[in-house]
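Here are a few notes to read alongside the model.

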Amino acid sequence: MSRVIFDLAALAAVFFAIVMVANRNPVRGVLSLVVAFSALAVCYVLLLAPFVAVIQVIVYAGAILVLFLFVLMLLNLGPEARPGSSRPVQAILGSFAIIAFGVLLLETLRRSGARVPAPSGIAPASIGDPASLARLLFSDYLLHFEAISVLLLAALVGAFRLANRETDR
Amino acid sequence: MIGSIPLNDVLVASAALFCVGLAGALLRRNAIQIFLSIEVMMNAANLALLGYAAVLGSTEGQILVFFVIAIAAAEASVGLAIFVVLFRNKETIDVNRINLLKW
């Protein structure tokens, strides 16, 4: 049962990602990615990661994609011009590279399928709950956590410095 | 197996999502759509990480995904600020027409 739900959610995620890539209108692309990332959150819940699923919805689908939408509205871009008019070789080589990469990836998966690492017993249902995640995050990974907070501050200052109109004169 | 989900399903979904993101990054010319495709690729990597974390019964994989999402947020804010400045200076974010560093 959970396999069916997982496969459906994963299919929906891939489908809406394809809609994003195939669509010339970037606003529609962002909106379909919101659906794709929400479907991925369903997958994350089924992979015993409810906390990450909530983060996915709030931070990814909620904050990051809305930021994209803000910038798109701000720039007021028209739809992308027809491709291939200026550089047809680029598109052909790109498609070829993607197909080759996809085939290679699936073939690698098929061959290494037998060598999936042995699970350490049954995965306990507690691996994804916020309490055990927080315990690890604030003990073993405290330094990394603080580094991330400094990085976010640096990104904030950098984005402000870049986009501030007064400073580029 | 995670419950009744085979790890192979997770990995195939992740591979498919990564290929879609790669296609977008290579074929699109709008810089923002290329950026969105990179986000899709990051999510594909996150999916594979969570699949392995669940199979191995470890919480470390989820911590890594948490950090990836935090870095994606930082990257999105700086990247979009760059696009805003670029659009202000060149009136376009078509990557074929932004070639200041080319020659």
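1. Two residues are in contact here if their C-beta atoms, placed from the backbone, lie within 7 Å. On that basis Cys43(A) touches Phe6(A), Ala9(A), Ala10(A), Ala13(A) and Leu47(B), not counting residues up to four places away in sequence.

2. Some housekeeping: this is a predicted model, where local features need pLDDT of at least 70, side-chain atom pairs count only at pLDDT 80 or more, and totals for chains, interfaces and linings use all residues. Residues are numbered from 1 along each chain as its sequence is written, and chains are lettered from A in the order in which they are written.

3. Do look at helix H2 (residues 26-46) of chain A and helix H2 (residues 31-56) of chain B: their axes (lines fitted to C-alpha atoms over the stretch in contact, with angles from 0 to 180 degrees between N-to-C directions) come within 11 Å and cross at roughly 5°. H2(A) is therefore roughly parallel to H2(B) (angles under 35 degrees). Cys43(A) takes part, and Leu47(B) and Leu50(B) are among its partners' side of the contact.

4. Next, the axes of helix H6 (residues 142-163) of chain A and helix H3 (residues 60-90) of chain B come within 9 Å and cross at roughly 10°. So H6(A) is roughly parallel to H3(B) as well. The residues meeting there include Leu152(A) and Ala159(A) from H6(A), and Ala74(B) and Val78(B) from H3(B).

Definitions and conventions: Helix = DSSP H or I, 4+ residues; strand = E, 2+ residues; numbered from the N terminus. Parallel < 35°, antiparallel > 145°, perpendicular 65-115°, else oblique.
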